[in-house]
Amino acid sequence: MGLKLSILDQSPIFEGESAEEALRHTVQLAQLAEELGYNRFWVSEHHDSDHVAGSSPEVLIAYLLAHTNHIRLGSGGVMLQHYSPYKVAENFNVLASLAPGRIDLGVGRAPGGLPRSTKALQRGISEAPDLLEKLKELQLILDHDLPEDHPLYGLRAAPLPVLPAPVFVLGTSIGSAEIAAELGYPYVFSQFINTDPEVARQAFAVYRERFSSVRGTAASPILAVAAIVADTDEEAQALASHQKLVKIHLASGRTITVANLEHAQEFGKQSNESFTIEEKEPEVVKGSKETVRRRLLELQEEYGVDEIIITTPVKFFDKRLYSYKLLKEAFAEVAEKR
């Protein structure tokens, strides 16, 4: 089967850059993705961070709609634990009405920031957030199908688009795969966050085994990876050398991936738990066009996916653009030879 390539951009703010520059880069990258024929372009949600500018994917998607023409745009993802499903439905119904058939609603359950930002976002919420129940309610609202015994029966998340945004579940665990399977949603495993290949294999296996066609759809597993393409393997290795994968392990059992060591220390302080910090080399598919193409095709076969979402953690914006250009060239060259 063919391989679809998509992009996740986190609007990173590298040293010496401003948030304005980071967001401008996201717009330029979305335009390039459309020009090169990438399948979809997603933006992320992070809070209270000096290193990532994208705190409101809905707002950023709306701006990107005004600066592109046909590429699919979406969230990678909205952190639904923080929000009212009704408001999320309204936001994405507006987007789907502005651009029918172009909007994706990716949902995640990571905090997306420090404990302080989670506290601020959930201020006034009395019950503990439950992603599964929130997703169920979100879909009922998107479908305008709340049952009569629901306390919100009759509610409309106006406007009601002709083509509502499809929901995707994003995750890094078997638990998120189970949620996606039960609700019949496409499932995206973020391997650039959880680099354990065995967890990815188990998550995809559980997703396929337990997938419910309640929505009349088939299982749609998608892999998200970090990748850097350069003219040579050596140059790609040099570009990747700036990256570190930093995780904080909390006494409660949670493990959170953060931007850097300083972020990890601050997260630990705000959590009011004992913690340990792990720093290691990130899992990045890197190399020349031939090297990266070969590795992505191996991952496609290994996990049985027909779409891979790429995030490219390169601090030099021109090199990041060039990486995405080379990646599309690599697969275009193979197609031309067939």
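The following legends describe an overview and several close-up views of a predicted model of one protein chain.

**Figure 1. Overall fold of the protein chain.** The secondary structure of the chain consists of eleven helices and twelve strands. Along its principal axes, the C-alpha trace extends over about 60 × 50 × 40 Å. A compact globule of 338 residues would have a radius of gyration near 20 Å, and the value for this chain, 20 Å, agrees with that expectation. Of the 338 residues, 51% are buried. Among contacts with a separation of 6 or more, 73% are made by residues 24 or more positions apart. The chain exposes about 15600 Å², of which carbon and sulfur atoms supply 50%.

**Figure 2. Helix α6 and its ends.** Helix α6 covers residues 174-183. Within the helix, the residues Ser176, Ala177, Ile179, Ala180, Ala181 and Leu183 are buried. The elements that cover these buried residues include α5, β5, β6 and α7. Gly184 follows α6 and has a positive phi, near 75 degrees.

**Figure 3. Helix α7 and its buried face.** The residues Ala200, Ala203, Phe204, Val206 and Tyr207 of α7 are buried. Seen down the helix axis, the buried residues fall within an arc of 160 degrees, and they therefore line one face of α7. Cover for these residues comes from elements including α6, β6 (187-190), β7 (221-229) and α10 (289-303). At the start of α7, the backbone nitrogen of Glu198 has a side-chain oxygen of Asp196 within 2.9 Å.

**Figure 4. The cis peptide bond between Gly76 and Gly77.** Gly76 and Gly77 are joined by a cis peptide bond, with omega about 0 degrees. Gly77 is situated in strand β3, which is formed by residues 72-79.

**Figure 5. The loop between α5 and β5.** This loop connects α5 (131-142) with β5 (167-171) and contains Pro159. The peptide bond that joins Ala158 and Pro159 is cis, with omega about 0 degrees. His144 is also found in the loop between α5 and β5. The phi of His144 is near 50 degrees, a positive value in a residue other than glycine. Is His144 buried or partly exposed? With a relative accessible area of 39%, His144 is partly exposed, because this class lies between the limits of under 20% for buried and over 50% for exposed.

**Figure 6. Asp48 in the loop between β2 and α2.** Asp48 lies in the loop that runs between β2 (40-43) and α2 (57-66). Although Asp48 is not a glycine, its phi is positive, at about 55 degrees. The relative accessibility of Asp48 is 40%, and the residue therefore counts as partly exposed.

Technical notes. Residues numbered from 1 in each chain as written. Predicted model: local features only at pLDDT ≥ 70, side-chain atom pairs only at ≥ 80, totals over all residues. Heavy atoms only, no water. Buried < 20%, exposed > 50% of the residue type's maximum accessible area, 1.4 Å probe, protein only. Helix = DSSP H or I, 4+ residues; strand = E, 2+ residues; numbered from the N terminus. Arc of directions from axis to C-beta. Contact = heavy atoms within 4.5 Å. Polar contact = N/O pair within 3.5 Å; in protein donor to acceptor, adjacent residues only side chain to side chain. Rg over C-alpha atoms; globule rule 2.2 N^0.38 Å. Areas by Shrake-Rupley, 256 points an atom, 1.4 Å probe, with all protein chains shown as cover.
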